Amino acid sequence: MNTLASKDVSDIHQQLGREGLSDLLQAAVADALISQTTSVTKPAKSDETPAEADEAEVLTDNAGFVSDIGPEVAPFPVDLLPGAAGAIAREVMRSAMVPSTLAGMNVLGILSASVGAGLVVASGGGRVTGANLFVMPVAASGSGKGQSFGEIARPLLNLERQAVEEWQEGIRRNALAEKKLAEARLHRLSLKAKDGLSAEDRTNVMSEMHSVQALLDEADKNLREPVWCTEQATKEAVEQLVEQGSREALASLSAEARGAVDTLMGRYRDSTDEGIFLAGYSGDPVRIHRRHSRAILLRKPCITLLWLLQPDKLRSMLESSAMSESGLLPRFLIADTHAQPEEEPEVRDPISEDARDAWADLIEALCRSFHENQEDPAIVQPELAAKEALREYFNEIVRRRQPGGDLSDVAIYAARWGENAWRLALVLHAATHGSRAAEVPLLLATAQNAILLMRWFADAQLCLLASGREEQSMKRLLQLQQVLAHCPDRSRSLRELGRRNGFSVTEIRQLLAKYPKAFVIETLHTGTSGRPSHLARLG
């Protein structure tokens with residue numbers, strides 16, 4: 001019995017790697033087919049196939065495969081980051097000696113977090129799309145990711161610290177005083193209510209008590225510390241922090257996201273905890289009721305994630321079907337940064353003060369204008385040409401996700417590319433115009449840059465999924481071979497393979513193009529004016 005027949009393809013892939021598995025498959029095809037077909041008795045005129053062949057499993061969405069970690073894609077297109085955003089990325093690359101992917105993804109994550117829930121774009125059909133992104137740069141420990149993250153995140157974290165200090169010195173003290181006054185007033189009203197009151201007096205006391213209770217509620221609200229960011233929190237804590245945040249916005253930022261991912265994947269429970277993150281990405285309302293605690297009602301939560309992750313932890317996420325099937329992992333912009341430890345030079349130039357100051361000014365402008373603005377979110381209107389470009393990109397991906405398309409096996413991932421292109425467009429727009437972002441239409445050039453950036457992220461994501469996609473196609477090829485091996489003449493029409501076995505014509509032709517020695521497609525002409533018949537036949 002050969003290796004392919006005796007083991008699961010996944011096990012072989014783990015042992016031999018991508019190239020080894022491919023070579024083994026090609027070498028074993030002929031031998032495997034002979035051994036399968038010699039034991040099959042050929043019926044005289046029957047085209048029946050055993051039930052197990054008819055019911056060959058049709059595998060669809062690629063739910064959890066991982067590369068070695070993956071081949072390198074083109075360098076991150078830093079030039080697509082406008083103004084101060086591009087400048088700080090280039091300075092961090094030079095000073096921290098990190099790849100463009102690591103610096104660029106950190107910049108996108110911090111820009112997204114700085115906008116919060118205060119700016120949206122009209123993305124068509126009455127919909128609005130936020131600027132919140134889920135960003136996951138993958139880098140090993142000791143490769144400079146901490147320094148890169150720290151330099152880029154510093155302005156946002158400093159502003160949050162200032163907000164907390166201002167709250168402690170002013171708002172909190174006032175709120176404590178207001179609460180004591182309101183409680184005293186409520187106590188006096190309660191005593192008064194014990195006396196015999198006329199109906200009119202009772203109504204007046206009740207009305208006044210309602211007003212005082214509203215003051216108490218407002219004081220309690222002002223006693224909550226401002227929260228813009230967190231690093232690691234349980235699901236329950238995240239829900240509370242979102243409720244506490246400005247306009248229900250929260251950024252989870254971590255230069256070492258192993259703990260955050262462990263918590264997400266069920267460290268403290270038997271199930272994964274992705275529900276609040278899914279709602280926070282899309283802005284879906286959330287109602288949480290628990291025993292012994294008050295209800296939490298979130299109208300439109302807005303969560304940004306910037307998680308720098310080690311390769312082994314990404315493997316765990318990709319191997320978890322829940323992370324993909326829930327739709328959480330496909331929402332991330334993921335890329336392997338291929339960051340490596342660098343030798344320390346004799347002289348390391350610091351980051352330019354001009355670039356650092358310009359970046360800090362941009363982050364402050366976005367935070368003041370949008371993150372902390374308590375009015376309704378400002379809506380950016382795109383130019384017609386920009387809207388059309390993003391629509392065309394969305395529709396292109398829809399076509400490629402269709403059965404038989406080149407993205408059909410990773411459709412659950414590709415389904416988010418169009419939406420993320422809109423989000424990237426809004427982030428680039430905010431980075432370009434700062435505090436004036438709500439006053440300026442989203443231009444065609446910005447939309448085109450966002451599409452280019454999304455294409456880069458799509459390539460990076462596909463690289464991470466590459467070996468899994470190859471493993472998937474190998475499994476499908478083996479299933480097709482098994483079906484054909486039990487057919488008369490070891491062949492079956494493409495039409496019947498689709499109707500009875502779940503193999504579309506497009507998929508069969510794609511398998512043949514990838515593995516040309518595995519089988520052949522023959523065209524049979526009937527000699528009449530009817531259509532020719534196409535058969536798949538084992539060699």
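**Aromatic pairs**

Author: By the rule applied here, there are seven aromatic pairs. The model is a predicted one.

Reader: What makes F277 and W307 an aromatic pair, and what kind of pair is it?

Author: Rings pair if their centres lie within 6.5 Å, and planes over 60 degrees apart count as edge-to-face. The ring centres of F277 and W307 are 5.8 Å apart and the planes stand at 80°. The two rings therefore meet the distance limit and form an edge-to-face pair.

Reader: Where in the chain do the two partners lie?

Author: F277 belongs to helix α10 (residues 275-282) and W307 to strand β8 (residues 302-307). They are 30 residues apart, and the pair links distant parts of the chain.

Reader: How do you know whether F277 is buried or exposed?

Author: Buried means under 20% relative accessible area. F277 has 6% relative accessibility, so it counts as buried. W307, at 1%, counts as buried by that rule too.

Reader: Why is the pair of W456 and F457 called edge-to-face?

Author: Its planes are at 80° to each other, with 5.1 Å from centre to centre. Since an angle over 60 degrees counts as edge-to-face, the name follows. Both W456 and F457 are buried.

Reader: Which residues do ring pairs link into a cluster?

Author: The cluster consists of F134, F277, Y281, W307 and F332. One of these, Y281, also has a charge over its ring: the charged end of R423 sits 3.9 Å from the ring centre.

Reader: Where does the charged end of R476 sit?

Author: It lies over the ring of F503, 4.1 Å from the ring centre. The distance limit for such a contact is 6 Å, and 4.1 Å is within it.

**The largest cavity**

Reader: How many cavities of 30 Å³ or more are there?

Author: The count comes to five. The largest cavity has a volume of about 90 Å³. It is lined by 14 residues, of which A233, V238, A260, F277 and W307 are the closest to its centre. F277 and W307 are thus also the partners of the edge-to-face pair discussed above.

Reader: Which helices supply at least two residues each of this lining?

Author: They are α8 (235-244) and α9 (258-264). With three residues, α9 gives the most to the lining of the largest cavity.

Reader: How do the lining residues of the largest cavity divide into nonpolar, polar and charged?

Author: Six are nonpolar, five are polar and three are charged.

Reader: Which phi does M97 have, and where does M97 lie?

Author: M97 has a positive phi of about 55° although it is not a glycine. Its place is the loop between α4 (83-96) and α5.

Reader: Why is M97 called partly exposed?

Author: Partly exposed covers values between the 20% limit for buried and the 50% limit for exposed. M97 has a relative accessible area of 22%, so it is partly exposed.

Reader: What makes H338 partly exposed, and where is H338 found?

Author: H338 has 23% relative accessibility and therefore counts as partly exposed. It is found in the loop between β9 (332-336) and α14 (353-371). H338 is not a glycine, yet it has a positive phi of about 55°.

Methods:
Residues numbered from 1 in each chain as written. Predicted model: local features only at pLDDT ≥ 70, side-chain atom pairs only at ≥ 80, totals over all residues. Heavy atoms only, no water. 1 Å grid on protein atoms, 1.4 Å probe; cavity = no way out; pocket = protein on both sides within 12 Å on 5 of 7 lines; lining within 4 Å. Points joined across faces, edges and corners; volume = space filled by probe spheres on them. Helix = DSSP H or I, 4+ residues; strand = E, 2+ residues; numbered from the N terminus. Nonpolar A, V, L, I, M, F, W, Y, C, P; charged D, E, K, R; others polar. Phe/Tyr/Trp six-rings, centres within 6.5 Å; stacked < 30°, edge-to-face > 60°. Buried < 20%, exposed > 50% of the residue type's maximum accessible area, 1.4 Å probe, protein only. Lys NZ or Arg CZ within 6 Å of the ring centre and 35° of its normal.
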